[in-house]
Each structure stands twice: as structure tokens, then as C-alpha cells.
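Here is a walk through a two-chain model, taken piece by piece. Have the structure open and follow along.

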Amino acid sequence: MSLPVLYLRSRALPRTAAALACTALLAAWAAHWLQAQPHLTHGARVPVLALAPLLASSAIGTSLYAAADELDRTAVRRWWPRRLAHLLALTVPAAAALALAVPGHPEAFGAPGMVRNVLGATGVAAASAALIGARLSWLPMTVYGGAVYLAAPRTPGGAASVWAWPMQPGPQVWAWAVASAAFAAGAVLYAVRGARRERD
Amino acid sequence: MNSTVKVSGLTVRHRRRTALDSVDLDFGPGVHGLLGPNGAGKTSLIRVLSTAAAPDAGRIELLGSDVGAASDHRARAEVRRRLGYLPQEFGHYAGFTVREFVAYVAWLKEMDSTRAAAAVERAVDRVGLADRIDSRMKTLSGGMVRRVGIAQAIVNEPELLLLDEPTAGLDPEQRVEFRALMRDLGEHATVILSTHLVEDVVTACEGVTLIEAGRVAYRGTTRELAALGKDGGQDERAGSPIERGYTTALRSHRATAGAR
């Protein structure tokens, strides 16, 4: 019984890793199926790029829940490096696996756009965990992502590259800026404050 | 008396409400009871002493190190290794057994992993749960969970042990065993026990600190508090001497606090 194993289990890491693996497989299958349709092109992968990061960020956000928060506060070691490592250890493989699920066409809706969306969505989920609690941390990004998916204009760029960043093609600079800022802010907020206390 | 816990000017606020109002206290080795009405500030005091929460103002010196708001992390880390804490409510991680939960806390305390496994078994044995050590936490009754909470608090053989309502949910026999354990621990450690059950204090504690509305209302030995209650007449229905002493001390504090 090695002790870091207990930490990993305490944060439901096996379950979260399984959920992320399933998301990646589902995304790969959906992207492949969409592209195989005779009347569709690689541009039809937009729903995969918009929705798979929502699932991944929900799994990561809810895994930040700390049931014995009050005892954790009296830990000898500082929490922020552990929290940051925890977040990165989930986000980086999730982004990599989902990027592999959408091969080709990096200039449109391919791997770069997927990585950007995973970072952005996870950042919002981590910030939500710090501000409203881990168990509901999936909600803000799901609502926002869903709304943007329905409301984003068909032509990319302009103001929409800021507010509709999850719906932009890969190379859009402003969409990257917003998503990176969201990830940085979420990671810092979560690392410093931890998930907000919740009552059972 | 060599004090292991010294606080001065300790102030804790929750939003606009003042939970502790410039409290000065000190405790040495032994078992100390912290009594007071609900909402008096007992939990706020225990949380600040456990370093789980930072005070809004004041100095806290635990086991010779300053751990107040401005202190550095290293001093706090050093104290945390030697500190045991039972919160009023502590969650537990899903799927953990008693052994795993207590081992997790031993890991939080950075205990030497070669020593931790034996320490976990000893702590669980001391609260009388040796036969349930590999049971899952969620299968335990409320009183058993409380005892696991005591086990995790004593796993590192703390020099300072803070217990918030440790006897809630324990049956009478378990309470008797708990008090014996406290007396045992109090021979070397400083044990601070917050409770609203006066009889816990009578049998387990030497010193009593009474807190009311964020201030210290009374300090003395258990015997002194009971003596205070002797003047209240011999009416059995008015409670035990210590209960009457508690009420008397509280009322006289309120009277003087109101006059200020």
C-alpha cells in the first residue's frame, strides 16, 4: 500500500482517467463517422471539437472535489504544487488524446482547435471548481459551450473569435488567446484556493 | 506552567459577525475542556488552533512556533507534523477503508512510511475498531465514524490534539472508553476538547475554559467550576454541581459583559 496511491484514489483518478479515455474514443469514432458521410467534409467535425472538450473538462472539473477538505487543510506540505500537478496530469493527456481523435486539417477543425478547446474548457471548469465547488464545476462551461455552439456565426473571425472561441478554426489567434487565458486563470485560481468547500 | 499553546488578541470574523473577539488564552500539557453555548466560538477557536483557518488578527504560538496569519509556511509545517485534529465534520473519500483513511491522514502529516502502517493499526486499535480496520467507511455507523476521526487525529502521536465534539454519536460505554483514552493521551500531550456535554469535561478534563459570544467567560479547574455550582442550592432538578457551575459562570459573565 503505497501512500501517493491513496491520494490518487482519494481524487477518483482511476474513474476520471477512464472517463477521459472513453471521451477520446467516442470523439475519434464520431469524427471518423462524420467524415465518412458522402455529403460531409472534414468541416463537419465542428460538433466533435465543441462537445468532446465539454465532456473532458466536466470529468476533470468534478475530479477536483475534496471530500475531507478540512483535514486536507492541515497537511504538512503546501497544496498548490499538488493541485497544479493534478490539473496538468489530467489536462495534458486529455488534450493529447482528443487531438489524436481528429487527425488532419489543422488549418480548420483539427488537432490545434481541439487542444485549444480542451485547455479553455478545462480552465473554466477549474475556475468554477474554485468558485462554486467541484461538483457543479461542469455546469458553467457546459452552458456556455452549448450556447456558443448554437449562437456562433457561420463565418469565423471578428468579434466572434473572442466570444465564440470554441467554434473557431485552429489558427485563430484571438480564440487561442481567450482559451489560454481561461486555462491560466483557472489553473492559478484552483491551485491557490483549491475547490470551494461544499457541504454534503 | 510551560505553555504549548499561547494565543493573544485572537480575532476571527465570519463575514460581519465576530466569532472570536480578541481572545487571550494559554494551555499546557493535560486535558482541557472547552465549553460554551452553541455558536459561542468554540469551533472557530479549534479551527484556528488547528491551522485549518487563519485568524483575522492576533498571535498564535503552538509548540513554540508562531503560526498566525503572517507567519511563514515552514513554521506551520513543523507544527502540523506534531498536531492532531478532529474537525466537527470531516468527510471521507469514497471507497476508502478505515485503514486507508487513517493512512491517508498519516501521509498528509508526512509520517515516515515505514512507520506509518504500524501507527495506523495502533491508532485504530486504540479507538477499539481493530476488527473493522478493513471495513469501508460508508458501512460504519455514526459513532464508529467518529471513532475513526479520533484515530486519524492520534495517528501521529500528536503533542497537541484538538478535538471538536469528539463524543457526538458515541454511546455511553464508548464515551467511558474515550475519556480513559483522553486521560492517557493527556499525560504527555496538550489535549483541547471542545464539547457542549458538561459530563465529558468532568470526567476527562482538569481545566475548563468557558467561551461565550466570542470571549472567554471563565477559566478554572473542573473542581472550581463545580464549587461555583454548590452555591446554587441542592435542588437535584437544577442539574449536577458542574452544570450549575457552568450556568452560574455564564450568567455572571453575561451580567458583567452587559454592564460594560
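How many residues does the contact take from chain B, and how many from chain A? The contact takes 25 residues from chain B and 20 from chain A. Keep in mind throughout that this is a predicted model.

## Where the chains meet

On the chain B side, helix 2 (73-81), strand 6 (83-86) and helix 3 (98-108) each supply at least two of the residues that touch chain A. Helix 3 of chain B gives the largest share, with six residues.

Sorted by class, the side of chain B that touches chain A has 13 nonpolar residues, along with seven polar and five charged ones.

## Chain A: helices throughout

Chain A has nine helices and zero strands. Read from the N terminus, its elements run α-α-α-α-α-α-α-α-α. The radius of gyration of chain A is 17 Å, close to the 16 Å that the globule rule gives for 200 residues, so chain A is as compact as a globular protein of that length.

Along its principal axes, the C-alpha trace of chain A spans about 60 × 35 × 25 Å. Of the 200 residues in chain A, 48% are buried. As for the contacts in chain A with a separation of 6 or more, 75% come from residues 24 or more positions apart.

## Chain B: the antiparallel sheet

Now over to chain B, where four strands form an open sheet in the order 2-1-4-5, with antiparallel pairing. Its edges are strand 2 (17-27) and strand 5 (65-66) of chain B, each of which pairs on one side only. Helix 1 (residues 42-49) of chain B packs on this sheet and touches strand 1 (5-14), strand 2 and strand 4 of chain B. The direction of helix 1 makes about 120° with that of strand 1 of chain B.

At one end of that order, strand 4 (residues 57-62) and strand 5 of chain B pair in the antiparallel sense over two bridges. Leu62(B) stands opposite Ser65(B) in strand 5 of chain B.

Gly84(B) sits opposite Leu161(B) in strand 7 of chain B. In a regular strand the side chains alternate between the two faces of the sheet. You can follow this in strand 6 of chain B: Leu83(B) and Tyr85(B) point one way, Gly84(B) and Leu86(B) the other way, and all are buried.

Strand 7 (residues 160-164) of chain B also runs parallel to strand 8 of chain B, joined to it by five bridges. Here Leu163(B) stands opposite Leu193(B) in strand 8 of chain B. Together with helix 6 (residues 172-185) of chain B, strands 7 and 8 of chain B make a right-handed β-α-β unit.

## A closer look at strand 8

What else does strand 8 of chain B run parallel to? Strand 3 (residues 30-35) of chain B is joined to strand 8 of chain B by five bridges, and the two run parallel. In that pairing, His32(B) stands opposite Ile192(B).

Strand 8 (residues 190-194) of chain B is mostly covered, with five of its five residues buried. Thr190(B), Ile192(B) and Ser194(B) point one way from strand 8 of chain B, while Val191(B) and Leu193(B) point the other way.

Notes: Residues numbered from 1 in each chain as written. Chains lettered and ligands numbered in written order. Predicted model: local features only at pLDDT ≥ 70, side-chain atom pairs only at ≥ 80, totals over all residues. Rg over C-alpha atoms; globule rule 2.2 N^0.38 Å. Buried ≥ 20, exposed ≤ 12 C-beta atoms within 10 Å, placed from the backbone. Contact = placed C-beta atoms within 7 Å. Pairing = 2+ DSSP bridges. Right-handed = clockwise from strand over helix to strand, strands pointing away. Axes fitted to C-alpha atoms, helices over the stretch in contact; angles between N-to-C directions. Nonpolar A, V, L, I, M, F, W, Y, C, P; charged D, E, K, R; others polar.
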